[in-house]
Amino acid sequence: MTNELSRRNFLLQAGTGLSTAWVAANWPALLAASTHAHRAAQSAAPPKLEFFTPEQAAEIDAITARIIPTDDTPGAHEAGVVYFIDHGLTTFGVDDQKTYREGLPEMQARVGELFPGVAKFSALTPEQQDEVLHSFDEHAPPSRRSIRARPGAQNFFETVQQHTIVGFLIDPDFGGNHDGAGWKVIGREREHMFQAPFGYYDKNYPGWEAAMKEADKK
Amino acid sequence: MMVDQPKYKTSDEVDFVIIGSGAAGGILAKELSTNGFRVVVLEQGPYLTEADFTHNEIEILAQDKLTNHPKLQPTSVRKTPDEKAKPQRALVYGRCVGGTSVHFTANFWRFHEIDFIERSKIGSIAGTGLTDWPITYADLEPYYTKVEWEIGVSGLAGASPFDPPRSKPYPMPPLPVKSSGVIFERAAKKLGWNPFPAPMAILSQPRPGRSACVNCGFCLSFGCEVGAKSSSLATAIRAAEKTGRCEIRPNSYVHRIETDANGRATGATYFDDKRNIHLQKAKAVVVCANGAETPRLLLLSANKQFPNGLANSSGLVGKYLMFNSGGTVTALYEHPLNDYKGYCVSRVLHDFYELDAQKVGFYGGGGLDARFDFTPITFGFNGLPPGTPSWGKDFKSALAHNFSRTMEIFCHGTSLPVENNSFSLDPDLKDAWGLPALRLTYKDHPDDLKLTNWLFERAHELHEAAGAQKKWSFPAREQQFGVHLLGTCRLGNDPKTSVINPDHRTHDIKNLFLCDGSSLVTSGRGQPTMTIMALAFRAADRITALAKRGELGA
């Protein structure tokens, strides 16, 4: 069951606690929404590659695995980020195809320059891989990046960085973040419905009732 | 829901055509159709409902599913009128039925008394068009109350000593406090300030057909999937449809208001989704297309009789644009706040709403709020402190540690009305329909930047008092991009210095009305939607009275 679907179902099951009237009024829309989301989730993150060759995919996977590495918690590799990027380049990221097509050979050329005789990024040790990536990493602090206004002319590595973040942290229902790996790492629960208390500081906090009493005193 | 709607022919001269279905357009549609008039609402965006909304950050943030699209609707930007504008994204607004009220944060402050009379109180400010409103807070108060009760606003009356008078309490209690709100409230009290539960246009209790907030954490930029956010879509549009006299016509991009030989508006010309052109006839036209598209439409409608655009005898259409000043001070705390859960803002303070210019050395005022408005992806892009590596082991460990422990204080403030700051038509750039694109000219008044930096200092003090482990902000910079689109067709009594009169009627054309962010005379302290909705309720009363007296007829 997808998370989206379980969330919708939870809304229905929790109806009495929340708003029975609301659920009743929206029954058909909810069904439609869960069916739609279920279909979308099933069609997302396809098992076969759509844009990359298997060789290219291995290279991109290796790059993403240095951007968000695997340690005692999952990294970009476990989150299937390469599949997210691969699918993305045939859908929302069509404009970035050229960046990947031209950027990967440049990256591989850099591998050969720094480590003569080696042709593939994925053939390097993690330390060597980091050395290659550092050679692309501008030392200027990145300006505040925005998912909205991504500038067109940026280098291959910056593009892969951004796509890796998106593929690692997107809602798992939308084709990345396999098994919620990214959300486990950052401590975001998979649910989309929560109840107070939410965190450490609002536990046992009296809240507005206390504020109201104080307001009454004044 | 659309089955209930009448289908008017474009050749039917309906009573009102309303252009735009957002915060103002939705309410005018509801009020005018309830008052017995036949109404067509032309909305350029699609008709989406709760079932269409998702938390898909790519669709919403990268593909602009709910908002104006930078490829179809390019814009250009410059700082001053002597520069040539460069193509650049200038603004974001809601482009769907319900407009920007669908994706907004729902932070919902009333303006205070001072916002309407500031010019009289402090005098003129050189280089600005700061002026009083032709109406006062007292004129608008009944309509603020009406907004709160009709759409559903959560809050606690009397909790802020700076609140303006109100005739009725909020219809429902505040939403549950978040950890960011607790941190904010404790520290602010320690500093002797007066934090209070944030008034939010989000339901803390269910209403018929709408759920109370389920704390999903995707308010800003997203449509509410459970109808808890009190958008025009979830409230006024549905009420308008129930009258049986209002047709909401989505995918209808109006690019011209027609006028006749007598200088009266006769209807609106628009592209449908197949780019066929239609003319919807109407006895009167109400433009609620937002503070950028409303002036653009008036300018696009220039004709022989009105060569500078409609309603533009003052030359002020598009001018005195105000974005609101502001920015965030972000901080990291020891324990998890989990502020990704829940709506954005749970505590606010207004101690700095009205600063003494003599003391601080600049004009202005503002409010602070405690919030977390990152999504997981935008946090990955922008949520970490400066100096954090942008990839690798340390990047990952910072993401893992900080996401649940970060909060922001947003500093919201005034913008002064400066005549050069404007939306106009770009002479070269065209949109996908071949129409002149919006050109932004904007350079913040120096006082606006001083104010932001001053408020940042207060926010740093607050984080300090709260025991933040780390806090950071970036110095206020001149804005080149806006989401609060205010002041571009201002209200006023004098046709030489304003575009619309206190009835929201254009000074120049008797049956042409404007109501949205463009109507505002001053910027307030940062949350314009409540005031836009209150103005819309008031405008509906005024327009209804004029129509009933036969003052809109030929």
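In chain B, B:Phe423 has B:Leu440, a residue of strand 15, as its bridge partner.

Student: Before we go on, what kind of model is this, and how are residues and chains labelled?

Tutor: It is a predicted model, where local features need pLDDT of at least 70, side-chain atom pairs count only at pLDDT 80 or more, and totals for chains, interfaces and linings use all residues. Residues are numbered from 1 along each chain as its sequence is written, and chains are lettered from A and ligands numbered from 1 in the order in which they are written.

Student: Which strands does that bridge pair belong with, and how many bridges join strand 14 to strand 15 of chain B?

Tutor: Strands of a sheet pair through backbone hydrogen bonds, either parallel or antiparallel. Here two strands pair if DSSP finds at least two bridges between them; strands (E, at least two residues) and helices (H or I, at least four) are DSSP runs, numbered from the N terminus. Strand 14 and strand 15 (residues 436-441) of chain B run antiparallel and are joined by five bridges.

Student: In what order do the strands of that open sheet come, and which stand at the edges?

Tutor: The order is 4-3-15-14 in chain B, with mixed pairing. Strand 4 (86-87) and strand 14 (422-430) of chain B each have a single partner strand, so one side of each lacks a neighbour in the sheet.

Student: What about the open sheet of six strands?

Tutor: Its order in chain B is 5-11-12-13-10-16, and the pairing is antiparallel. Strand 5 (195-197) and strand 16 (470-472) of chain B are the edge strands. Eight bridges join strand 10 (residues 325-332) to strand 13 (residues 406-413) of chain B, and B:Thr330 stands opposite B:Glu408 of strand 13.

Student: How should I read a nonpolar core, and which residues have the most contacts inside the largest one?

Tutor: In soluble globular proteins, nonpolar side chains tend to be buried together. A core is a set of buried Ala, Val, Leu, Ile, Met, Phe, Trp, Tyr and Cys residues joined through C-beta atoms within 7 Å; buried means 20 or more other C-beta atoms within 10 Å of a residue's own, C-beta atoms being placed from the backbone. The largest core has 200 residues, and B:Leu28 and B:Ala536 have the most contacts inside it. Helix 12 (residues 529-548) of chain B gives the most to this core, with eleven residues.

Student: And how far apart are the centres of the two domains of chain B?

Tutor: With bounds from an automatic or database domain assignment, the centres of domain 1 and domain 2 of chain B, taken over C-alpha atoms, are separated by 30 Å.

Notes: Buried ≥ 20, exposed ≤ 12 C-beta atoms within 10 Å, placed from the backbone.
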